[in-house]
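Reader: Could you show me how to read aromatic pairs and charges over rings in a protein model?

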Amino acid sequence: YGFINTCLKSLVIEKYGEETWEKLRLQAGVQDSFLTFEVYKDEITMQLVDRACKILGVPADTVLREFGEYFFEFCKRSGYDHMLRTLGGNLYEFIENLDALHSYLSLSYQAKKGTEVLFLFVFPQEMNAPSFRVEKNEDGSMHLHYYSDRRGLCHIVPGIIGAAALDFFNIEISMEIVDQTEEEEERTGKKEHIVFLVTQNPVFSYKERNAFSSSPQYLADSEKQIENQLNKEDLEKAKNTIRGRGSSVCPVKKSHWKTIRGIITLGKGKLLRGFDPVYPKSLWIDTKTFCNGLPFHMVFDKEVGQACVKQAGVSIQKIVPGLQTTGICLDHYFSIVHPEVPFTISSIQKFINSQFVFQTRREMMPESWKQRPMLELRGQMIWMESLQCMLYLCSPLLRTLHELEERQMHIADIAPHDVTRDLILLNQQRLAEMELSNQLERKKEELRVLSKHLEEEKKKTEALLYAMLPQHVANQLKEGKRVEAGEFKECTILFSDVVTFTNICAQCEPIQIVLMLNSMYLRFDRLTTVHDVYKVETIGDAYMVVGGVPVPVPTHAERVANFALGMIIAAKGVQNPVSGNPIQIRVGIHTGPVLAGVVGEKMPRYCLFGDTVNIASRMESHGVPSKIHLSSSAYQCLKYKNFEMTGRGEIEVKGKGKMHTYFLIRNKTATENEIMGRP
């Protein structure tokens, strides 16, 4: 189930971090999230465990034990603390009732065969859960028998049982494997049978204690002495109170039960320690009433395979007509589904504390009934030593009203005192709630995936938007705000164009021009990222960038100059489709003030305005092929910045008259690889 994989994911993230889980998940080739009630293949869990061992560098038994401890806490946090805590008053009773818990939980959750973890609340309908049998030893230790269909998972058991013992019973235990066999002798149907030796020691709150006082014998003797003392004190106190109250009246002889009732009442409701049941001399119930009052019960003698059924309840006779015939063999009509043991008294006695599930044999049913699903019975085995017979007190194992109808049974067939009636009705409602919960969980997962995809698409959209507009401008537009124009006192603007571009266009196909410009602009765009300059626009073969806008920086001239040097180098890698030679470009740079802002509502553009833009354009148009043409203001900004420049002299600039200009040759300190952003 997804619950198990989710628990394993939570363990890895909590103890080792998100990165470790992501690495483990990718190596195991599994998804990132799991639905709680969804059934997943066993291979997924095993792959996760295997990869966890390799990544963390720890053996499998350590990983499984740690998982067992964490799984116990995970179940508690998931709301099953109360259910687990009430299983038994001590560790022996707790383990003894695990199979009963598994059996109960199977009524509430229907699924495919194959779940494998202790007291997991999603066991399959076909009860493929592990099974347990516990034996007490004279020295206070226990032998825990663990039966499972899956080999290699036994090390989860010490982790879970150890955590439960410490949390529920305040005892520390140690568990070691003393026997590990294939299940041939008892033929339980499970593939693995592990025997653990469980030894336990109390955990006290104080640190120092006397070695003798902590011994089991001393504790047992002390408890017995205290109990006897309390019994005597309570009894004596009660008797004195009775004497004191009765001294003023004539003594009246009281019956035994009145005396006991008076002791309990005068002791303020405090019952005396110890209890000895009282049994009647004869059984005050007739056979007919017993068989009607317990409609689902059977009594069979010691050798089931050879002897007959002694008696059976009326409802079970109705469902299995063969039981009305005297002298029938029980194993002819029923098979044991759980625990999977042979149909012998000796085998049943080994699992006497387990809940037994019987299933009717199809071949022994009336012909008209053989199309119905076979009925299962679940109940308790009680060995009657004096009669040398086994009593099976059971109820029909039904989960829903649909199952009841399939077997053509009615609520009336179940005794009024049998809680199976309530379980069927409650479980019907629970299944509807579970289905709703599953649908909500699926929708939640779908929304999570959609949200993730939406976030990815949002990032793509934002990346596209930020490529067209400055980020702070784009954010303002997204928020519906009006973008105010900004004045920048000093920035550096660059223009470039392709030499003889008009002639190239006249002699080539349009697609060749598009491919040439795309190849060139891809190189230039990469350089804008390398040197952190802002690409304003491209018009035909003209390419415009600016440094110091929209974010003012003091190094705007150096950035644009290095970008221009990179453009000259990059252009050599673009082929002229007419001549086949590298293309040539002209570059012009000018430094000065500008006004920048967004114009238009449809396809808005971030534009620069001012005479600085015009002068930069003139520097490009009056430039020389494969040269970087600088205005005097740009030259002054680069003069002491480790750039090699040479004067061009005065030239006539259209609309500006005579201007003293310069050529940028190279960066004295940067290599070509650094200019191009290569490693």
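Author: Here we go through ring pairs, then charges over rings. The model is predicted, so local features need pLDDT of at least 70, side-chain atom pairs count only at pLDDT 80 or more, and totals for chains, interfaces and linings use all residues. Residues are numbered from 1 along each chain as its sequence is written, and side-chain values use heavy atoms, with hydrogens and water left out.

Reader: How many aromatic pairs does the structure hold?

Author: A pair of aromatic rings is described by the distance of the centres and the angle of the planes. Rings of Phe, Tyr and Trp (its six-membered ring) pair if their centres lie within 6.5 Å; planes under 30 degrees apart are stacked, over 60 edge-to-face, and the rest tilted. The structure holds 16 such pairs. One of them, Phe 168 with Phe 169, is edge-to-face, at 6.2 Å centre to centre and 85 degrees between the planes. Both Phe 168 and Phe 169 are buried (under 20% relative accessible area; exposed is over 50%, partly exposed in between; 1.4 Å probe, protein chains only). Phe 72, Phe 94, Phe 168 and Phe 169 form one aromatic cluster.

Reader: At what angle do the planes of Tyr 521 and Tyr 543 lie?

Author: That pair is tilted, with 40 degrees between the planes and 5.4 Å centre to centre. Tyr 521 is buried at 11% relative accessible area, and Tyr 543 is buried at 0%.

Reader: Which residue lies over the face of Tyr 521?

Author: A charge sits over a ring if NZ of Lys or CZ of Arg is within 6 Å of the ring centre and within 35 degrees of the ring normal. Lys 535 lies over the face of Tyr 521, at 6.0 Å from the ring centre. Likewise, Lys 627 lies over the face of Phe 663, at 5.9 Å.
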